[in-house]
Amino acid sequence: MADLFSLVGAEMSPYSVKVRSYFRYKAIPHQWILRNAESQADYQTYAKLPIIPLVVTPQQNGIQDSTPIIDQLEKLFPEPSVHPEGALRFLSALIEEFGDEWGNKWMFHYRWAREVDQLASAGRIARMQAPNASNDVHAALVEKIRTRMVERVWFVGSNEVTASQIETGFAEMLGMLETHLATRPYLFGGRPAYGDFGLWGQFYELWTDPTAGSLIEGRAPRVLEWIQRMLWPRADSAFENWARLQPTLMPILKNQVGRQFMTWTQANERALAEGKEEFSVTLGNNVWVQKPQKYHARALALLRGKYADVSDKAALDPILEEAGCLAALCA
Ligand SMILES: N[C@@H](CCC(=O)N[C@@H](CS)C(=O)NCC(=O)O)C(=O)O
């Protein structure tokens, strides 16, 4: 047991399942520990932030935040690498960040916007927290969780103004991803890349909820296969090159990552710098309104660091420029 990593997380946490999928891909010996009252003492010993997932190494060090967790593990377990070569390596990191941050808006919105999803999700969380509760206690817990989470949905920017934009954006992404995955098992070809893990964590959760799950199952069979494949990812063949990926990946980079996420990112950053309570930004043809997200600044700094570390940007910059992503990275 001494060589085991512990992964404290929850089935309904996109960042937890993202890291679990990575552990499985790398065949890293680990135990999955459900975050609940029973694991509380261990969790408190190693967690510095009140979030999951938490990874505890065999040397008893706690690591948090799924992106740095994977970065650290990738150094210890470099094969098979999750990083494609050249410009694709950064594009994969960009999609990872997009999944974590923008994909989380779809996920959180769909989970808590409608009654059918609220009840299904609060019910699952309540059973996870208190599996032995009587029916009455369970019902009260469901209501408590539902009320608390619905109140928090504004946090990711889901509100009356943005709800339809989030849903339209998700439908567009689903269509583009379906096309992209029609000829390949993973985002960058025959094996999972860093970007797959970030985007997949959110898609997996969307799939397990009633409304988004039915959209995926009804409209996007290739995406569904990818979601199921990524539960136990495998290296089937090599990564593809940009020439092959470009026709169906560039539309995703342009319409989703550049036009929406990176534009939003810059506006969020400005709003934080100006100490604003709320900000608005034009994304495509719509005006988006929300309170700034503090946490995002750290993730953006990390992404900019990765961009700065790319030694030869000759192939990368024209792609980022065309996708509308360059300005936010060079700021
Ligand atoms: N950026 C972090 C985000 C982690 C996160 O937000 N986790 C959520 C669950 S998915 C959490 O623990 N939230 C606090 C809570 O639920 O009390 C990561 O990638 O690990």
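Asp65 is buried (under 20% relative accessible area, with exposed meaning over 50% and partly exposed in between, for a 1.4 Å probe and protein chains only), its relative accessible area being 11%. The residue is not a glycine, yet Asp65 has a positive phi of about 80°. Asp65 is placed in the loop between β4 (62-64) and α3, where helices (H or I, at least four residues) and strands (E, at least two) are DSSP runs numbered from the N terminus. A positive phi, of about 50°, is also found at Ala27, likewise not a glycine. Ala27 belongs to the loop between α1 and β2 (30-34) and is exposed, with a relative accessible area of 61%.

The model is predicted, with local features requiring pLDDT of at least 70 and side-chain atom pairs counting only at pLDDT 80 or more, while totals for chains, interfaces and linings use all residues. Residues are numbered from 1 along each chain as its sequence is written, and side-chain values use heavy atoms, with hydrogens and water left out.

The domain assignment, which is automatic or taken from a database, gives domain 1 (5-76), domain 2 (87-110 + 158-330) and domain 3 (114-155). Between the C-alpha centres of domain 2 and domain 3 the distance is 28 Å. Contact (heavy atoms within 4.5 Å) involves 12 residues of domain 2 and 11 residues of domain 3.

The structure contains 20 salt bridges, each defined by a side-chain nitrogen of Lys or Arg within 4 Å of a carboxyl oxygen of Asp or Glu. One of them joins Lys26 to Glu74, with the closest N and O atoms 2.9 Å apart. This pair links distant parts of the chain, Lys26 being in helix α1 (residues 14-26) and Glu74 in helix α3 (residues 66-76), 48 residues apart. Both Lys26 and Glu74 are buried. In the salt bridge of Arg234 with Asp236, the closest N and O atoms are 2.7 Å apart. Arg234 has 53% relative accessibility and therefore counts as exposed, whereas Asp236, at 43%, counts as partly exposed. A further salt bridge is formed by the side chains of Lys276 and Glu274, at 3.2 Å from N to O. Lys276 is partly exposed, at 42% relative accessibility. Arg111, Arg124, Glu205 and Asp209 are joined in a network of salt bridges.

Glu97, in helix α4 (residues 87-113), is buried but has no salt bridge. The nearest side chain of opposite charge (Lys and Arg count as positive, Asp and Glu as negative, and His and the chain ends are not counted) is that of Lys306, 7.1 Å away. With neighbours within four places in sequence set aside, Glu97 is in contact with Trp102, Phe261, His296, Ala299, Leu300 and Leu303.

Rings of Phe, Tyr and Trp (its six-membered ring) pair if their centres lie within 6.5 Å, and planes under 30 degrees apart count as stacked, over 60 as edge-to-face and the rest as tilted. For Phe170 and Phe203 the ring centres are 5.7 Å apart and the planes stand at 40°, so the pair is tilted. Phe170 lies in helix α7 (residues 163-180) and Phe203 in helix α8 (residues 194-208); the pair links distant parts of the chain, 33 residues apart. Phe170 is buried, at a relative accessible area of 0%, and Phe203 is buried with a value of 0%. Ring pairs connect Phe98, Trp102, Trp106, Tyr110, Phe170, Phe203, Trp226, Phe261, Trp264 and Trp288 into a cluster.

Charges also sit over rings, a placement that requires NZ of Lys or CZ of Arg within 6 Å of the ring centre and within 35 degrees of the ring normal. Arg20 lies over the face of Trp32, 4.5 Å from the ring centre. The charged end of Arg191 is placed over the ring of Phe239, at 5.9 Å from its centre.
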